[in-house]
Amino acid sequence: MTLAGSRMGALSFLNKKPDMNGPGKGGGLLGWLDRRYQLTALTEFLRHKEVPLGSHWMGWYYLGGITLFFFIVQVVTGVLLLMYYQPGETTAYESIRFLTTKVPFGWLIRSIHSWSAHLMIISLVLHMFSTMMLKAYRPPRELTWVSGYLLFLLTLGFGFSGYLLPWNKLAYFATTVGTNIVASVPLLGSWLLQVLRGGQDVTINTLYRFFAGHVVILPLAVVGFIGLHIVFIQRQGMAPPLGAKVAPRGMKFFPSFALRDLLLWLACLMVLLALAVFLPYGPGIPGMDWELGQKADPLAPAYPGIKPEWYFLWEYQLLKEFPPHLFGLEGPQVCLLLIALMFGIWGLIPWLDRRVRRDQPSPAFSDFGWAALLFLTYLTLLAWDIGAGAASGAGDELTALRNIARVCAWWTLGAGALVIVVRYLRYEHRWFLLSGAALLQVTLHGLVGLTYLLAGVISVVLAAVWIVVAHFVGSRTDRRSET
Amino acid sequence: MEEQTLTTSHPKKSRRDFLDLLVGASFLGWLVTMAYPIIRYLKPLPQTGASGPTHLTRDESSKLEQNKFVIVPVSGQRVIVLQAPDQQLFAFSAKCTHEGCTITYQPAQSVLWCPCHDGRFDLNGRVLSGPPPQALAKYDARRQPDGSIVISEQKA
């Protein structure tokens, strides 16, 4: 807080009147510009900005920059792709096929665009979770979290809209399913669906809308929010982790930190290019390949294996776990409600985490982050069908599904146990109720054989009862200090 | 001059020079490697399509009959075909030699006219007035015995 306060004056150059007769630094073009626009004041501000140094690991500070780097790559390759892409019923698919087969290095540009999209989402998710675990969202940085959260949603929109543009079969059906979820919104559902699709069904009109969104609306919004996000960060500086011992002097942002950033960007570029050159159609993981495949045909029936990109797999799986009707509502409606609730909580974390607002450790929210990760991991593994190969010989479908769930449960439990042990020993965490509840649900569903929803309800209720009892008994376990 | 004395008196300096050269050269190589695919990607592919003598389609022929001129593609170039009052056929590149606008034919005056900057050409393609610096390139237009019209590039 005090660090941020002392920096408020640093932007005072914004109010400076141009002093044409002032000395200005140096002669030549730089001096000429400096006398008019006070460039030295700007670099002076950057020179004084510091990145907190201390007992914490610096690595987390680079993830936002890496995400920005991949976004820049997306803009550059996206503009290049636009020079050959032609949206349209008879041209969209054909132009991408022409691009990848005839245009020199067209395959490479498309491959870089796809790889960079996936890497951007990976670095964005890592950035978001590290911010969450280290409580960088605590006051005064609530709005930095919110702007980052909105950027996360917009990026998901980028992934979803870009997926349809090659107009191939897989994208066609994935978009049909994906947009259909919108119909579950109460009252506005059917209107929203029509606005999104440009009609009742996914047609070429949907492609035009997604195209406009993907190349104009979303980029404008993202650039705006990135600007805001960066202004917030430049204004307040980067957050040291709660309770970390911070050295009195940090690292200078310019040039020390900025050059490290640049070096890392170069490394990212080389990794990106290596991946794009050697695996031009993706690593072959489900939800992470972009083989062009066959052209979309609205009159052809759907076929098995229609799945979204990997970062939407958990929603896809959750949708499958809901029965057709629940509490007098349709299954997808309840599912959408649950997803909206989870997203809502995620966006409001800076206000929900009341302990951290008083600069006290909030172990429950650290655990909440881990529980969320375990929840997502289990659903993603289920959708990935790991263990399906072994199960396919099992005969009836129910046994096959059980087998898949069992294998996924063991993997998730293993990962969860490892995380808990590391947190306990290395970070001295002592609060595991929520991640415990997540693992209980995995056990009840995957190993005991209860339905996914029943397992979830039992786990949530048990966790809630535990929290209420602990609150009344006044157990001191949750008062232990940790972050 | 001063640097040279420095390098000779400090052997370490020349090692640094060498490393600088190495780093600079690698950077240059890296830059070329990055730029090459993009430059190749941006260069349009050569146009594919019919080349050689071109027959006028029925539509084009009737347009010629009606308007006394028609603009057709010949080997990827715009070519204006026109019918003089004496029924003689002419064909020229339709690209004005001034700024590349597509010219038109004015049957009343028997001139080729570029409306962009008011350039005028006669039926030999020579400049009559206006800013065009060169004559229009001529094409061969021949009526076949069966009545169809064939346009071909003039052999130099």
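1. Two strands are said to pair here if DSSP finds at least two bridges between them. Helices (H or I, at least four residues) and strands (E, at least two) are DSSP runs, numbered from the N terminus. An example is the bridge between B:Arg143 and its partner in β10(B), B:Ile149.

2. This is a predicted model, in which local features need pLDDT of at least 70 and side-chain atom pairs count only at pLDDT 80 or more, while totals for chains, interfaces and linings use all residues. Residues are numbered from 1 along each chain as its sequence is written, and chains are lettered from A and ligands numbered from 1 in the order in which they are written.

3. On confidence, the model has an ipTM of 0.81 and a pTM of 0.87. The pLDDT is the predictor's confidence in each residue, from 0 to 100. Chain A has a mean pLDDT of 88, with 90% of its residues at 70 or more. Residues 1–13 of chain A have a pLDDT below 50, and beyond near neighbours in sequence this stretch makes 14 contacts in the model. Two residues are in contact if their C-beta atoms, placed from the backbone, lie within 7 Å. For chain B the mean pLDDT is 89, and 92% of its residues reach 70 or more.

4. Chain A contains 20 helices and four strands. Its radius of gyration is 25 Å, close to the 23 Å that the globule rule gives for 483 residues, so chain A is as compact as a globular protein of that length. The radius is taken over C-alpha atoms, and the globule rule is 2.2 Å times the number of residues to the power 0.38. Along the principal axes, the C-alpha atoms of chain A fill a box of roughly 85 × 70 × 45 Å.

5. Chain B has three helices and 10 strands, arranged along the sequence as α-α-β-α-β-β-β-β-β-β-β-β-β. With a radius of gyration of 29 Å, well over the 15 Å that the globule rule gives for 156 residues, chain B is more spread out than a compact globule. The box filled by the C-alpha atoms of chain B, taken along the principal axes, is roughly 90 × 35 × 25 Å.

6. Chain B is divided into domain 1 (2–42) and domain 2 (54–153); such bounds come from an automatic or database domain assignment. Between the C-alpha centres of domain 1 of chain B and domain 2 of chain B there are 57 Å.

7. One open sheet of chain B has six strands in the order β1-β10-β9-β4-β3-β2, with antiparallel pairing. Its edge strands are β1 (54–55) and β2 (69–74) of chain B, each of which pairs on one side only. β2(B) and β3(B) run antiparallel and are joined by six bridges, with B:Phe69 opposite B:Leu82 in β3(B). These two strands form a hairpin with two residues between them, and B:Ser75 in the turn has a positive phi of about 50 degrees.

8. Further into the order of this sheet, strand β4 (residues 89–93) of chain B pairs with β9(B) in the antiparallel sense over two bridges. B:Phe92 has B:Lys138 in β9(B) as its bridge partner. Strand β9 (residues 138–143) and strand β10 (residues 149–153) of chain B run antiparallel and are joined by five bridges; B:Asp140 stands opposite B:Ser152 in β10(B). The hairpin of β9(B) and β10(B) has five residues between the strands, and B:Gly147 there takes a positive phi near 95 degrees.

9. Helix α3 (residues 58–67) of chain B lies across β2, β3 (77–83) and β10 of chain B, and runs at about 150 degrees to β2(B). Axes are lines fitted to C-alpha atoms, for helices over the stretch in contact, and angles run from 0 to 180 degrees between N-to-C directions.

10. A second open sheet in chain B has four strands in the order β5-β6-β7-β8, with antiparallel pairing. β5 (104–106) and β8 (127–129) of chain B stand at the edges with a single partner strand each, so one side of each is left without a neighbour in the sheet. On average, neighbouring strands of this sheet are turned by 40 degrees against each other, direction ignored. Strand β7 (residues 119–121) of chain B pairs with β8(B) in the antiparallel sense over two bridges, and B:Arg120 stands opposite B:Ser129 in β8(B).

11. Where the chains meet, four residues of chain B are in contact with eight residues of chain A. The side of chain B that touches chain A has three nonpolar residues, no polar residues and one charged residue. Ala, Val, Leu, Ile, Met, Phe, Trp, Tyr, Cys and Pro count as nonpolar, Asp, Glu, Lys and Arg as charged, and the others, Gly among them, as polar.
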